[in-house]
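Please look over the sequence and the structure shown here. The paragraphs after them go from one part to the next.

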Number of protein chains: 4
Amino acid sequence: MNYTAKLLPREKVFRDPVHNYIHVAYQVILDLIGTREFQRLRRIKQLGTSSFTFHGAEHSRFTHSLGVYELTRQICDNFVRNYPSQQPGDGLWNDHERLVALCAALLHDIGHGPYSHTFERIFGTNHEAWTVKIITSPETEVNQVLRQVDADFPEKVASVIQKTYPNPQVVQMISSQIDADRMDYLLRDAYHTGTKYGLFDVTRILRVMRPYKKGIAFQANGMHAVEDYIVCRFQMYQQVYFHPVSRGMEVVLTHLLQRAKFLYEDKGSHHIQVPTLLVPFFEQNFGTDDYLKLDDGVLNTYFTYWRDNPDSILKDLSIRFLDRKPLKSIAFTPETETILPKMRDLVEAAGFEPEYYTAINDSFDEPYDAYDPANNNNRAKPQIEIMQEDGSLNELSTLSPIVHAIAGRTTGDRRFYFPREMLHPDDLQIFTPVYDEFKQHVSNNALK
Amino acid sequence: MNYTAKLLPREKVFRDPVHNYIHVAYQVILDLIGTREFQRLRRIKQLGTSSFTFHGAEHSRFTHSLGVYELTRQICDNFVRNYPSQQPGDGLWNDHERLVALCAALLHDIGHGPYSHTFERIFGTNHEAWTVKIITSPETEVNQVLRQVDADFPEKVASVIQKTYPNPQVVQMISSQIDADRMDYLLRDAYHTGTKYGLFDVTRILRVMRPYKKGIAFQANGMHAVEDYIVCRFQMYQQVYFHPVSRGMEVVLTHLLQRAKFLYEDKGSHHIQVPTLLVPFFEQNFGTDDYLKLDDGVLNTYFTYWRDNPDSILKDLSIRFLDRKPLKSIAFTPETETILPKMRDLVEAAGFEPEYYTAINDSFDEPYDAYDPANNNNRAKPQIEIMQEDGSLNELSTLSPIVHAIAGRTTGDRRFYFPREMLHPDDLQIFTPVYDEFKQHVSNNALK
Amino acid sequence: MNYTAKLLPREKVFRDPVHNYIHVAYQVILDLIGTREFQRLRRIKQLGTSSFTFHGAEHSRFTHSLGVYELTRQICDNFVRNYPSQQPGDGLWNDHERLVALCAALLHDIGHGPYSHTFERIFGTNHEAWTVKIITSPETEVNQVLRQVDADFPEKVASVIQKTYPNPQVVQMISSQIDADRMDYLLRDAYHTGTKYGLFDVTRILRVMRPYKKGIAFQANGMHAVEDYIVCRFQMYQQVYFHPVSRGMEVVLTHLLQRAKFLYEDKGSHHIQVPTLLVPFFEQNFGTDDYLKLDDGVLNTYFTYWRDNPDSILKDLSIRFLDRKPLKSIAFTPETETILPKMRDLVEAAGFEPEYYTAINDSFDEPYDAYDPANNNNRAKPQIEIMQEDGSLNELSTLSPIVHAIAGRTTGDRRFYFPREMLHPDDLQIFTPVYDEFKQHVSNNALK
Amino acid sequence: MNYTAKLLPREKVFRDPVHNYIHVAYQVILDLIGTREFQRLRRIKQLGTSSFTFHGAEHSRFTHSLGVYELTRQICDNFVRNYPSQQPGDGLWNDHERLVALCAALLHDIGHGPYSHTFERIFGTNHEAWTVKIITSPETEVNQVLRQVDADFPEKVASVIQKTYPNPQVVQMISSQIDADRMDYLLRDAYHTGTKYGLFDVTRILRVMRPYKKGIAFQANGMHAVEDYIVCRFQMYQQVYFHPVSRGMEVVLTHLLQRAKFLYEDKGSHHIQVPTLLVPFFEQNFGTDDYLKLDDGVLNTYFTYWRDNPDSILKDLSIRFLDRKPLKSIAFTPETETILPKMRDLVEAAGFEPEYYTAINDSFDEPYDAYDPANNNNRAKPQIEIMQEDGSLNELSTLSPIVHAIAGRTTGDRRFYFPREMLHPDDLQIFTPVYDEFKQHVSNNALK
């Protein structure tokens with residue numbers, strides 16, 4: 001039997017707290033899980049700085065990736081049982097697509113680095129590009145496993161992630177407004193944070209998904225389960241992903257890496273204890289092996305080094321990050337934005353360098369992106385289609401007033417970050433007038 | 001108001017997936033959580049290598065410590081509501097003990113280092129001694145917070161952990177055969193592994209706990225809930241904590257650190273990339289600050305360095321650990337133990353140095369330690385006492401046939417570890433006879 | 001000690017699947033639970049005909065009433081801990097209100113009869129009036145218990161249910177747009193139906209509730225939990241309470257009771273087996289004792305009698321109800337409504353008397369009733385107020401786009417009910433043209 | 001297509017709180033669910049008088065029967081995927097057995113009447129005999145559905161329930177020491193009572209079940225899950241099914257029916273309001289239709305009639321049952337048993353007729369019945385066999401010390417029941433000496 005179709009002698013399972021069991025039948029999948037690149041995901045937290053706010057959220061991208069694989073597997077099982085293709089072009093499910101779908105699901109996050117978004121901003125990397133690179137570069141173990149299926153199989157898997165794969169059903173399983181990726185992370189993040197916002201009825205959604213020519217639609221009798229999912233997603237963004245304290249830690253991290261980079265560029269590596277594994281990134285000269293060596297623990301290790309650094313800013317920010325001392329924040333509006341320069345001046349007057357101790361941080365999300373006839377651009381995100389008994393389709397927000405209410409509008413806030421000391425000063429005597437003036441502009445957690 | 005009794009203006013809560021919320025009313029507790037030493041626990045996994053078997057078990061000692069605190073708080077609430085002491089010596093609960101109990105609960109694991117048990121074996125450290133040291137050393141932030149309560153408060157808290165505190169109720173809350181520590185870790189480990197074995201009725205157990213002169217007893221109508229807890233604990237040890245694959249990873253880790261230590265001692269630090277933060281331990285000359293800098297990520301970072309080490313054993317073991325390639329194992333008995341030297345020879349014949357590629361690993365546990373009149377030693381563990389309506393006490397195993405069945409007998413197994421290649425060789429030609437002979441001795445996952 | 005303040009020697013608990021435990025400290029509450037009138041609620045299903053659709057929904061009004069009591073108790077505990085009144089008129093919580101709140105919570109549904117809404121329509125009873133009557137009539141055991149507290153205590157408890165009690169906090173705990181009643185039934189109905197729609201974060205909502213002068217408000221940091229509750233409520237109405245099949249069974253029940261009443265009035269009691277306990281209601285001459293003798297089982301028993309009744313309609317409808325043969329339905333709109341007379345004619349042509357075999361059934365709900373300045377009537381329902389840090393209030397829908405989307409608009413549908421035989425005829429020959437014409441008007445579960 | 005293999009056009013699901021969804025693919029199963037006899041199970045509580053102790057336990061035999069069906073379906077799915085028979089006699093699973101297994105699972109409790117065990121004792125009926133009769137009598141709807149499959153199909157299904165069906169795998173699925181019936185009721189009763197004792201890992205048990213020649217065995221790697229199930233079962237019996245208060249209500253019910261029967265036999269039907277549907281049973285002259293008309297509600301309706309009966313004992317016991325006034329109890333031993341006549345005399349002296357107001361009630365269970373070589377009788381229950389990798393079998397209790405501890409020994413207690421008034425008298429004056437003497441014999445809830 002060839003490698004593609006090689007099934008394990010007996011299905012293997014991994015115990016999972018969210019899906020109960022992850023079921024693996026293909027040797028390819030088991031081999032991918034065993035690669036260096038995939039195992040590395042154990043050392044990268046799924047939610048970055050969110051665990052500083054929700055202490056239970058310590059799960060890794062490894063467990064999430066297994067979960068996305070499992071949901072994709074369940075979708076395929078449902079499709080082949082209920083909607084098997086009878087002839088090419090009938091818009092039903094061709095189970096020969098299963099393996100490429102499963103591999104893409106498993107590997108969709110393989111390019112993530114530590115504290116992804118922050119790291120990318122500072123060092124100009126891109127996790128999606130890295131995902132494609134790790135899948136398609138002959139040097140990786142992942143690529144070596146995929147190549148055994150077929151010489152062009154790595155490219156196929158990568159094209160699913162790049163959304164250029166010809167079968168839209170496979171693409172939408174992994175990447176759409178309601179896909180295996182999002183469903184797993186909402187459920188898993190809710191499980192680990194202990195919040196209830198992310199709990200929607202995944203069993204029912206899986207039951208009402210169905211393939212059609214342009215991708216995946218949802219039967220009309222499951223509309224409310226889909227609606228509930230959109231609301232859950234909205235709530236998780238508002239309550240968990242955009243939490244001001246997690247963002248306050250992200251600001252500290254960003255400034256800390258900026259300072260390290262600045263010191264390295266400005267004064268050379270002798271000035272900071274040599275962060276061996278970061279040097280290629282400071283010097284913007286890195287390869288796949290360099291990238292694969294990074295993880296959350298590596299960055300934290302250098303921060304531990306820097307607790308004793310002579311540069312007082314690097315040292316202080318390292319301590320703030322490791323010991324969880326977030327910058328504090330207040331919301332502002334276009335009206336109150338004009339006061340910000342003043343606020344920054346006050347922070348500086350209190351002895352903090354504004355470049356490293358203040359920040360503006362925006363968090364906005366579009367909970368659901370419905371088709372807007374007035375703005376008929378080629379949107380990346382296909383809308384969610386509800387299929388009636390007679391096969392006719394309606395876009396979700398035309399049926400659901402709740403979804404209509406949140407569709408197409410971005411929600412979130414803009415916040416000004418500053419040292420907690422400005423509001424809770426330890427040393428009252430010298431800077432009292434500065435603090436007092438600062439506090440005058442703060443009310444109900446907002447700038448006034 | 002003095003610091004001891006200082007309550008937060010409003011109770012603060014932390015969202016917790018196991019207990020729903022952790023409630024904090026005292027400023028002292030909030031300050032302890034904010035210390036460097038306590039925040040460090042976020043970077044040390046609760047279950048060490050178990051997450052290599054149960055991928056969801058990625059939670060840290062930080063979350064567990066909060067959980068132990070919360071259960072202790074709930075016990076105190078129950079005691080003060082239902083069993084408040086009226087006069088000294090009545091054996092009921094004096095709520096002045098609450099703060100020392102809460103602090104001891106929160107800090108009971110503060111001395112744990114990365115991969116505790118393995119690390120301790122190699123470097124001769126001891127997490128309980130470190131816990132006491134961190135609490136009582138003036139240099140730590142934890143000590144500074146505790147000192148504000150009272151000059152001798154750190155010593156008091158430490159004595160609870162050392163079980164020398166005069167009030168046995170406080171000691172038994174934190175440390176007995178059914179204490180807040182064990183209850184939290186069983187529930188939490190079950191939650192994160194996704195197994196059901198650790199799920200007992202904690203609400204009912206808390207309800208039937210009651211103080212008496214010699215410590216804490218359990219009302220007779222809750223006997224079955226206590227029984228169920230003992231069985232859960234037994235099952236978790238058998239199914240999760242003693243899992244052969246996790247132990248296979250622990251063996252790899254042990255040998256990896258041994259090899260690094262050997263190379264450092266034998267050939268000097270130039271031979272391995274300088275593991276700056278480990279050097280004090282290699283040189284057996286470390287202080288509190290050195291110890292506090294260690295965490296799981298620091299160790300993993302050095303293992304990442306060593307992926308490229310010229311020493312082939314250090315390099316290979318580093319890769320096996322980071323990429324999850326556990327040593328495989330078979331059980332053996334006193335009868336089959338005699339074959340082990342032969343097996344080791346075969347491993348060596350296949351090209352693996354036995355010192356680093358074989359191991360014997362025992363896992364034994366005593367699920368419940370009941371009093372044995374024939375062996376009347378001064379046991380550290382008080383037995384579990386069931387209190388009848390008229391106040392008379394019976395030791396648990398005299399009432400429960402199930403507990404009687406597992407009490408006082410150690411359960412577990414002894415296993416021989418070796419490279420997976422011995423059973424699944426990649427290179428058949430050269431060593432085929434060696435492999436064949438090895439396999440002849442393996443049957444039903446045991447040595448025969 | 002007087003009866004009012006009489007606490008049980010030890011708190012008593014009832015194991016509850018939704019709230020884990022129901023805690024009872026007052027003798028009054030325990031005595032009320034033990035009354036004939038309260039125990040009767042065990043024999044009346046909470047959801048009437050919904051268990052014909054969601055088979056798990058077999059729970060009674062007894063369990064729900066205990067749940068409402070328990071949530072009210074938790075609200076009181078929170079209020080007295082965090083918002084104790086210091087002086088009259090400060091808008092904070094006076095714990096002397098606790099007992100009246102607890103009793104009103106426990107008894108708020110005591111007047112419900114079997115299949116409440118259907119029964120009331122046929123026999124002109126009213127469950128709220130019965131609740132007041134049972135609480136205030138000297139002949140009931142409930143009244144006898146309450147009177148022991150104080151001569152006017154029954155009236156006080158009744159006035160809470162009638163919303164005339166002077167303290168709006170107490171009234172709103174039991175009866176508002178987010179009260180203990182609604183929170184318990186959403187959670188409990190979700191638990192027993194097995195749907196996930198009703199799962200909101202009740203712990204968080206309880207935490208952010210707070211008393212103020214005009215009743216109960218919600219802290220701003222809990223706004224999203226309240227929002228989520230509104231969405232849950234909306235979903236439960238759409239998915240569970242308004243389910244077309246349950247309504248199809250309700251239609252059968254309504255027509256069955258109508259037929260029985262008609263036969264009794266028209267032909268006298270000899271014509272139907274004497275439904276002893278229903279006779280007072282047929283004759284519109286009933287007292288409290290007559291009402292208290294009714295329950296679901298009593299009605300079902302008479303339906304069992306009527307399985308053998310000579311009247312073919314009474315017999316057939318009894319069988320349809322007992323053996324779960326709901327009328328089928330299609331939705332219609334103002335546009336298609338004109339076809340209904342034709343449809344009824346076709347049903348009649350197929351041999352079914354339209355009065356008993358067709359029906360129009362509307363289900364509409366207002367998920368949230370926000371204040372409408374253009375329609376400033378004296379609304380019974382206070383709106384949900386969100387309180388900022390500085391004490392200012394905002395009505396929920398002004399802050400939440402989701403709530404705004406569903407506020408003040410009724411949602412639901414209008415359906416035409418008819419015998420299943422019209423679409424799935426057993427006897428094709430005679431009526432084939434009738435069936436064919438009927439089917440022509442049905443498409444996508446709607447009239448066309 | 002013939003009826004046997006007739007699949008529904010699309011799989012139908014029923015939402016279930018325990019198994020999430022019940023999946024139905026066969027028309028036969030859907031038709032069986034729709035029969036009068038199966039729908040009747042909605043009106044019979046699964047746990048009889050247990051809901052008087054655990055108020056949540058209001059679920060019916062209908063929901064349990066669906067659950068047993070669903071677990072059986074899952075076992076079949078597992079068997080056909082992993083252990084499909086290749087040739088007759090290989091001991092693997094032949095999926096032609098599926099339909100008979102599913103039907104037997106669904107119908108295994110179809111013969112239960114209201115308050116089964118009590119009713120049977122008084123009227124000499126037997127629910128297993130009724131199950132067989134309902135399945136095989138041509139007059140029932142169940143039989144008519146089954147006959148459509150094949151003329152001898154009803155007999156086949158009945159023989160599974162009678163354990164005479166030739167294939168032991170099918171028999172053991174439905175009826176053995178670890179079968180679909182027991183697994184469903186433990187999970188379901190735990191869910192509704194809200195206790196945690198019944199929660200074992202059903203997914204894992206289903207995974208490790210496997211067919212072999214003599215029935216069903218369990219893979220060695222799942223031994224602990226099976227062990228846990230045995231302990232759960234043990235705990236549920238001790239904590240829920242044998243609860244003294246539920247038994248106190250059962251005693252009331254038994255005496256109530258006895259009194260009614262006595263009055264009917266002694267004085268004729270005029271003496272008690274005619275319990276129309278019970279008359280055939282009083283007269284011991286009943287047919288299937290008579291039996292099928294009974295349910296919990298019918299009995300309760302007659303009890304409601306009898307609230308006003310002139311016979312003071314019938315009236316009083318009816319009120320005690322409807323209003324939940326259980327007889328109270330104390331445990332006794334062979335040593336204290338000698339005092340019982342004295343206790344009965346005291347109850348009589350206090351004015352209660354001992355025949356109706358005292359009782360002895362035993363509850364004993366054998367948690368697991370292992371093979372006892374010393375007592376080699378032809379046991380009905382096959383023991384639980386654990387299968388090693390090489391196919392060898394070990395009986396469970398030889399591997400598990402916990403199971404060994406509880407195997408083959410009956411556990412339970414013997415209790416003496418009497419009116420609560422004996423311990424909590426309302427009327428002190430007259431009977432004080434009687435009460436005092438009675439109380440002298442009671443200590444720690446036991447006779448002394």
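A place to begin is chain B, where strand β3 pairs with strand β4 (residues 215-219) in the antiparallel sense over four bridges. Strands, like helices, are DSSP runs numbered from the N terminus, with at least two residues (E) for a strand and at least four (H or I) for a helix. Two strands count as paired if DSSP finds at least two bridges between them. In this pair, B:Met209 stands opposite B:Phe218 of β4(B).

The model is predicted: local features need pLDDT of at least 70 and side-chain atom pairs count only at pLDDT 80 or more, while totals for chains, interfaces and linings use all residues. Residues are numbered from 1 along each chain as its sequence is written, and chains are lettered from A and ligands numbered from 1 in the order in which they are written.

The two strands of chain B belong to an open sheet of four strands, in the order β3-β4-β7-β8, with mixed pairing. Its edge strands are β3 (209-212) and β8 (393-395) of chain B, each of which pairs on one side only. On average, neighbouring strands of this sheet are turned by 45° against each other, direction ignored.

Chain C also holds an antiparallel pair, in which six bridges join strand β1 (residues 7-16) to strand β2 (residues 20-26). A hairpin through three residues joins β1(C) to β2(C). C:Leu7 stands opposite C:Tyr26 in β2(C).

Elsewhere in chain C, C:Phe123 lies in helix α5 (residues 116-123). Is C:Phe123 buried, exposed or partly exposed? A residue is buried if 20 or more other C-beta atoms, placed from the backbone, lie within 10 Å of its own, exposed if 12 or fewer do, and partly exposed in between. C:Phe123 has 18 other C-beta atoms within 10 Å, so C:Phe123 is partly exposed. The C-alpha atoms of C:Phe123 and C:Lys261 are separated by 9.1 Å, although the two residues are 138 residues apart along the chain.

Helix α4 (residues 98-107) of chain D is mostly covered, with 10 of its 10 residues buried. Among them are D:Arg98, D:Cys103 and D:Leu107.

Chain A shows how two helices pack. Two packed helices are described by the angle between their axes and the distance between the axes. Helices α13 (residues 244-267) and α17 (residues 312-322) of chain A pack at an angle of about 150°, and their axes are 9 Å apart. Axes are lines fitted to C-alpha atoms, for helices over the stretch in contact, and angles run from 0 to 180 degrees between N-to-C directions. α13(A) and α17(A) are therefore roughly antiparallel to each other, a term for angles over 145 degrees. Residues of α13(A) that meet α17(A) include A:Met249, A:His255 and A:Leu263, and those they meet include A:Ile313 and A:Phe321. Contact here requires C-beta atoms, placed from the backbone, within 7 Å.

The last topic is chains C and D. The contact takes 33 residues from chain D and 33 residues from chain C. On the side of chain D that touches chain C, the largest share, six residues, comes from α16(D).

Terms used: Parallel < 35°, antiparallel > 145°, perpendicular 65-115°, else oblique. Contact = placed C-beta atoms within 7 Å.
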